[in-house]
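This briefing is meant for a reader meeting the structure for the first time. Please look over the sequence and the model below before turning to the notes, which are grouped by topic.

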Amino acid sequence: FFFRSNATSTQSATYAPSGPSVVGAAIDLSIPTLFNFHLFIEAYNHIDQYGSETPAKVLPLIFLTVLIGRTVIPPSRRGRFWSVLKYTFMAPFHQVRFRDAFIGDVLTSMVRPLQDILFALSYYITVIWGTLSGNLSLTESGDALESSWLLHNVMLPSCALLPLWWKFLQTLRQSYDSGNRWPHLGNAFKYLSAALVILYGMTHPENRRSPLWIVMFIGCIFYQIWWDVVMDWDLLVVVPRGDETILENSWFASRASFRANSYVLYLNMLVVQPFKDATRSLFNKIPRISQIQLRPRRLYKDQAFYWRILAYNCVFRFCWMLCFIPAYRLSPSGREHVTTFSSDTNSYVGVLLPVAELLRRAFWGFLLLEKETLKMQEENPTYARVAL
């Protein structure tokens, strides 16, 4: 719906896949992917029976050939797909619409899958070149990629940082087009600070990171959570408290029991009363938990739905930044592996991190699209009938 509304003059506004069609396409691609993975596991587990690793290494190449063909066939549909993405890739040269900003955010959460795709394409090209030239066998091609300084220290890190760079440029372009610094520069700071922390984590070994880096990492996470809840979702509101008197039973209230004299009154006027007023004002500004509630305008009926998304986003927000840090990089000589994230390979963290992040981004998208829907309802009464 939003992508139809944000269509550009260079593409048809009628091109906006529905939800069921997207799910159907995902299933159509998932079935052959899982089938190929099953064949690969079977071939790998029966290497002794086949007497060679060739079947296990050829199957991914066949599947990649089909997928590469599907990226351009049929040309009409794939052309529309790539024409949409180009507005995100060329952020500073085009006006940033809601569609382009949303795609940019999604790409930042797909760093791990994008790196896997890049590695697979690198393996595919290396094998094809090595086979046609006769310089490398299938095994030697894999070994060459494993020790490739260019791949591990340049291409894969660049693949991780590019989505952050695109989002940073998008926010600057939004600030330029709107003529407002806030909130676009605040959003730009979110991506810039994350990129600096991530870049430090990429380039420094795991056992040589300073405590300051951990503090900055945690600070970035809190800033991102605040931005999600307050700026992206506009989820919470602070209701005004009633005519409650703060600190009525405090020590200051008992001062009336003292016998007044000139010194006590003078001290009360210069010290006690100003301190009491300042303390009362401070406590009045700090909202109580009972005052923090969901915004009154909502499309989803169940309030627990919002609180669950909020809790999940707060708990798993760190996954977004950790997904950018690789398990290792190569030393300048290219002969040693420098560990940058040992948990990535020593446990199931490397698999669970991108899954948790993609789920978090999906939940984030629910509330962002809801906020955009409410915004459209306010601007155009025609959309007032939209409800979930």
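Predicted model: local features only at pLDDT ≥ 70, side-chain atom pairs only at ≥ 80, totals over all residues.

Arg78 is buried, yet it takes part in no salt bridge, since the nearest side chain of opposite charge, that of Asp28, is 9.2 Å away.

**Arg78 and its surroundings**

- Arg78 is found in helix α5, which covers residues 75-89, and a polar atom of the Arg78 side chain lies 2.6 Å from the backbone oxygen of Arg70.
- When neighbours within four places in sequence are left aside, Arg78 is in contact with Arg70, Thr71, Val72 and Ile73.

**Overall make-up**

- The protein has 16 helices and 4 strands, and of its 388 residues 36% count as buried.
- Among the contacts in the protein with a separation of 6 or more, 71% are accounted for by residues 24 or more positions apart.
- The protein exposes about 23,600 Å², of which carbon and sulfur atoms supply 66%.

**Nonpolar cores**

- The largest nonpolar core has 37 residues, and those with the most contacts inside it are Trp233, Leu235, Met321 and Phe324.
- At least two residues of this core are supplied by each of the helices α6 (98-108), α9 (149-178), α10 (184-203), α11 (211-232), α13 (303-316), α14 (318-322) and α16 (349-379).
- Apart from this core lies another, of 11 residues, which includes Leu61, Leu118, Leu145 and Cys159.
- Leu235, one of the residues with the most contacts inside the largest core, is in contact with Val229, Gln293, Leu294, Arg295, Tyr306, Leu310 and Leu367, leaving aside its neighbours within four places in sequence.

**Met231 in helix α11**

- Met231 has its place in helix α11, and although Met231 and Leu368 are 137 residues apart in sequence, they are 9.7 Å apart in space, C-alpha to C-alpha.
- Leaving aside its neighbours within four places in sequence, Met231 is in contact with Trp182, Pro183, Trp226 and Lys371.

- Asp177 is partly exposed, with a relative accessible area of 36%.
- The side chains of Arg317 and Asp228 also meet in a salt bridge (2.6 Å, N to O), and because Arg317 lies in the loop between α13 and α14 while Asp228 is in helix α11, the pair ties together parts that are 89 residues apart in sequence.
- Both ends of this pair are buried, Arg317 at 2% relative accessibility and Asp228 with a relative accessible area of 1%.
- Another salt bridge is formed by the side chains of Arg360 and Glu357 (2.9 Å, N to O), which are 3 residues apart in helix α16 and therefore separated by about one helical turn.
- Arg360 is buried, with a relative accessible area of 0%, and Glu357 likewise counts as buried, at 1% relative accessibility.
- Salt bridges that share partners join Asp228, Arg317, Glu357 and Arg360 into one network.

Terms used: Residues numbered from 1 in each chain as written. Heavy atoms only, no water. Buried < 20%, exposed > 50% of the residue type's maximum accessible area, 1.4 Å probe, protein only. Lys, Arg positive; Asp, Glu negative; His and termini not counted. Salt bridge = Lys/Arg side-chain N within 4 Å of Asp/Glu carboxyl O. Polar contact = N/O pair within 3.5 Å; in protein donor to acceptor, adjacent residues only side chain to side chain. Contact = heavy atoms within 4.5 Å. Core = buried A, V, L, I, M, F, W, Y, C linked by side-chain atoms within 4.5 Å. Areas by Shrake-Rupley, 256 points an atom, 1.4 Å probe, with all protein chains shown as cover.
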